[in-house]
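Hi,

Here is the structure I said I would pass on. Have a look at it first, and then read on for what turned up.

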Amino acid sequence: LASADLIMVASLGPEAVAAVGIFMQPRMALLCFPRSWASAVTLIAAKYAGQGRQRSATTLLKQSVSFGILSLGVIHGVFWVFRDFILAIMGATSDYMALASDYAAIATVAIYITAVTTVMQAVQLGFGHTAIIMRSNVVGNVVNVVVNALLIFGIGPFPRLGVVGAAVGTVVGTLVALGLTVAALQKDGLLSGVLSAWRIFDQGSYRLTRTYLREFFGVFGGIFSEQGFERIGMLIFARIAADLGTVGFAVHNICMNICDIYYCFAVGFGKASMVLAGQSCG
């Protein structure tokens, strides 16, 4: 999603690239929370999968989603309120500060949707259902690119929104991915009754328990520490690069985007190993 935004706004000039790029590291910092959250849930779910405890996995999903929606909502809300301050700290200049703020305001909503989707997909990942996760995210990306094209460039009856159009496209794409994830969880029997009688699940409890909190935070703490320290380093790196000026920073973001695509391969191997190890422990 970040790649699509960056590539398609590049035709608008270096200011547009810098406006989208300056938000990339704060975006990744925000994603540290749901990604660490999801990794902890995946490890626990993989153990349940190895033990054949689907009902326990349903309860895990219900507790994680209810806890995650509230906690991550607060974190993203604080970020949204102080986005201009954060962008200024990251080195955004007057050349593109207004563009960056407009983009960040909408993109933060997309990150929250992604956060909820990531936590929901964590249980699927723990059970090894990786194909549906791939399909959901690929379809979301395709929708994002199509909406980007329509709104960034103002094709046909759609308004030309430029950088803001890229952010709106990301929101639409993430909503599609979330919808497909919910549908897949219903099919697997892990999530059902979403639209009936305001129930989220037909089995399991969403009430937080000491057992859940102890098991969850016992895994989450180490993962979040590792993710957090890595992201601090990347934030400092991006802040230094921002001092290169608008054009220099745009070049930096394009090159770092290529590095991030490569990094996805390493992340994929890591997730596969994590799931198999967790299931073996179970």
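This is a predicted model: local features need pLDDT of at least 70, side-chain atom pairs count only at pLDDT 80 or more; totals for chains, interfaces and linings use all residues.

Thr117 is buried, because its relative accessibility is 4%, under the 20% cut-off. Thr117 sits in helix α6, and a polar atom of its side chain lies 2.9 Å from the backbone oxygen of Ile113. Leaving aside residues up to four places away in sequence, Thr117 touches Thr174, Ala177, Leu178 and Thr181.

Helix α6 also packs against two other helices, and I went through them in turn.

First, α3. Helix α3 covers residues 24-51, and its axis comes within 7 Å of that of α6, with a crossing of roughly 10°. An angle under 35 degrees counts as roughly parallel, and α3 and α6 are therefore roughly parallel to each other. The contact residues divide into 16 nonpolar, five polar and one charged. On the α3 side they include Arg27, Leu30, Leu31, Pro34 and Trp37; on the α6 side, Tyr103, Thr108, Ile111 and Thr114 are among them.

Next, α4. Helix α4 (residues 54-81) and helix α6 (residues 97-126) have axes 9 Å apart and pack at an angle of about 165°. That angle makes α4 roughly antiparallel to α6, and the crossing is right-handed. Here the contact residues divide into 16 nonpolar, four polar and no charged. From α4 they include Leu60, Leu61, Ile69, Phe79 and Trp80, while α6 brings, among others, Ile111, Tyr112, Val116 and Met120.

Helix α2, residues 14-21, is mostly covered, with six of its eight residues buried. Those six are Ala16, Val17, Ala18, Ala19, Val20 and Gly21.

The other is Thr209, in the loop between α8 (163-188) and α9 (210-242). Thr209 counts as partly exposed because its relative accessibility is 24%. The C-alpha atoms of Thr209 and Gly156 are separated by 53 Å, and the two residues are 53 residues apart along the chain.

Happy to go through any of this with you.

Best wishes

Methods: Residues are numbered from 1 along each chain as its sequence is written. Side-chain values use heavy atoms; hydrogens and water are left out. Axes are lines fitted to C-alpha atoms, for helices over the stretch in contact, and angles run from 0 to 180 degrees between N-to-C directions. Helices (H or I, at least four residues) and strands (E, at least two) are DSSP runs, numbered from the N terminus. Angles under 35 degrees count as roughly parallel, over 145 as roughly antiparallel, 65 to 115 as roughly perpendicular and the rest as oblique. A crossing is left-handed if the near helix is turned anticlockwise from the far one by less than a right angle, and right-handed if clockwise. Contact means heavy atoms within 4.5 Å. Ala, Val, Leu, Ile, Met, Phe, Trp, Tyr, Cys and Pro count as nonpolar, Asp, Glu, Lys and Arg as charged, and the others, Gly among them, as polar. Buried means under 20% relative accessible area, exposed over 50%, partly exposed in between (1.4 Å probe, protein chains only). A polar contact is a pair of N or O atoms within 3.5 Å; within protein, one must be able to donate a hydrogen and the other to accept it, and residues adjacent in sequence count only if both atoms are side-chain atoms.
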